Amino acid sequence: MSNTNIVVRKSRGRSLVLTTAIAAGAVFMVLPFYWLLIATTYGAHDIFATPPHFLPGPAFVENFVGLFRDTMFGRSMVNSLFVSTTYTALGLIVCTAAGYAFAKFKFRGQNLLFGALLVTLALPSQVTLVPLFQIMVNLGWLDSYQALILPNLALPFGIFLMKQTMSTIPDEMIQAARIDGAGEFRVFSQIVLPTVRPALSALAIFLFLAQWNDFVYPLVVLRSPESYTVPVALASLQGIGTTDYGQLLMGTMLSMLPVLILFLFLQRQFVAGILAGAVKQ
Amino acid sequence: MNTLVQSSTPATAEKPVAPRRRRSSVGYPRITPYLFLMPMILLFVGFKLYPYISAFWLSLTKNVGGEVEFAGLENYTRLIADPLFYKALANTGIILLVQVPIMLVLAIVLAVAFNSVLLKIRSFWRTAYFVPIVMGLVAYGILFRALFNTNEGFVNYLISFIGLSPIPWLGDPLWAKVSIVIAMTWHYTGQNAIIYLAQMQSIGGELYEAAHVDGASAWQRFWHVTLPGLRPAIVLTVILSTIGTLQLFDEPYVLTNGGPDNATLTVGMYLYQNGFKFFDFGYASAIGYALTIIIGVISLIQLRLFKEKS
């Protein structure tokens, strides 16, 4: 009796120590967000103060209005939202269709094609920066949406993910639908796609994040400020010496809003999307 | 299967026979997989395969007064003798060797904590550590640049409480690297912890029970059950983090712009500078292929090491 009491008390103490330690670490993880939030409420001249501000200031509206008035950040948000959404939708189509072909069909050239995909998965994408830039120059596509959307649509990782997920669908199910007279496209859209819905949402989040945060490639093919995506706009704002820091940090905060919303509303799929890249390989 | 076919026979009987004739013995028209693959093949060949091949060709050329000329291995011999390339390589290597181990060890510790019944409100802490990932690379670069401000930065304010004098985070060659390591660790540790946690939860409870019955201490259970169980996830995160860090670009570009005095110039940044500041496409492509070889060799070595240990 007294023995179990000691055990309970001991584990309670341990639990307190562990929870406190994790909480202390969590403060450091969250503190930069808190600082950013507070910083967006101060004017450029008094963001940095000693001691730092811990309570919100009066300039939130001023920074917000100023950002959209003095810079093209609003346009960049529209660009990024459009490009990321379109990329996600088209990427899902390309990756699921290709993944389906690899998972459920036998055809000539299958191994060669799949091997080529595997190889590019291992190659650093920075190698393709210069050639892609030249392609876009030759097509007259600098500053265009399609220059951002098309090159990464055939995402090897996405194709692998879909292939692996679709391999688990029983062949009998597909055959039965064919025998029932369903056309090949109907089999795909009405039998195959609904069964892989969880993987689809994970891939969708992965694609959206990848495009929303992509930086070096857009930096290369976007030349005029009207075409900038959010990361390029933020980096260029920071590069200008005259930039209003209140506005810059406001833009920084706004840039994570869409992602934060996705994260809060689709937390399970969001984590799955992040993990997909790691666990499924 | 047989009953399925039989039950659906009436339905097929009503359908026109014509399309069935085109079907092969495998049950679908031979062209079907190619139709599904068509978009992917076109995009893959145009925007992946061709650029990789084109980059290799470019790396064998140089631009002489606006004319592209074949230059053989000249770009590569120049690269081998380029001190700035070695500097970029060394910077990248140092950041890799310091950041990845710190981050992954922290992530394992966190995952153990997240998995422990002793931790209160576990899902809340998991979210708190994971949330930095919602910030884009450029965004958190800008944020940390502000936090690391020498005179009025928040970080220097915090360390003044433990009696330290202000640190020139971004103005000193050594501290600039430390800043990048801290920022990256903040950003990616939670994500890796979640990867480990997912793997940990797939380790069978009976292994722990057996260890418990054998009288193993908590540390022994961690060392002999948890860590071996985590192996696949560790192999994966080590290789992915290594490949990612070797291509490091966004953080140094925004946080330090490669400075001071090229102390945070990475291979990725050096490639970008040569390609899009000096427009030396040949040399930039050679750097790209050198990076490819380095990544390939290091990944192979890591795979070999992991294999030997098992």
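Predicted model: local features only at pLDDT ≥ 70, side-chain atom pairs only at ≥ 80, totals over all residues.
Residues are numbered from 1 along each chain as its sequence is written, and chains are lettered from A and ligands numbered from 1 in the order in which they are written.

**Loop entry.** I checked the backbone and found phi of Asn257(B) near 50 degrees, a positive value in a residue that is not glycine. Most residues other than glycine have a negative phi. Asn262(B) lies in the loop between H13 and H14 of chain B, and its phi is positive too, at about 60 degrees. I counted 16 other C-beta atoms within 10 Å of Asn257(B), so that residue is partly exposed. Asn262(B) is partly exposed, with 16 such atoms within 10 Å. (Buried takes 20 or more other C-beta atoms within 10 Å, exposed 12 or fewer, and partly exposed is in between; C-beta atoms are placed from the backbone.)

**Helix pair entry.** Next I looked up helix H6 (residues 83-115) and helix H10 (residues 173-200), both of chain B: their axes come within 7 Å and cross at roughly 40 degrees. Axes are lines fitted to C-alpha atoms over the stretch in contact, with angles from 0 to 180 degrees between N-to-C directions. H6(B) and H10(B) are therefore oblique to each other, as angles under 35 degrees count as roughly parallel, over 145 as roughly antiparallel, 65 to 115 as roughly perpendicular and the rest as oblique. I sorted the residues of this contact into 20 nonpolar, five polar and one charged. (Nonpolar covers Ala, Val, Leu, Ile, Met, Phe, Trp, Tyr, Cys and Pro; charged covers Asp, Glu, Lys and Arg; the others, Gly among them, are polar.)

**Chain contact entry.** I then turned to the two chains, where 78 residues of chain B are in contact with 74 residues of chain A. (Contact is C-beta atoms, placed from the backbone, within 7 Å.) Helix H4 (residues 32-58) of chain B gives the most to the chain B side, with 17 residues. By class, I find 55 nonpolar, 18 polar and five charged residues on that side.

Beyond its neighbours within four places in sequence, Ile287(B) is in contact with Leu79(B), Phe85(B), Val267(B), Tyr270(B), Leu271(B) and Asn274(B).

Key. Helix = DSSP H or I, 4+ residues; strand = E, 2+ residues; numbered from the N terminus.
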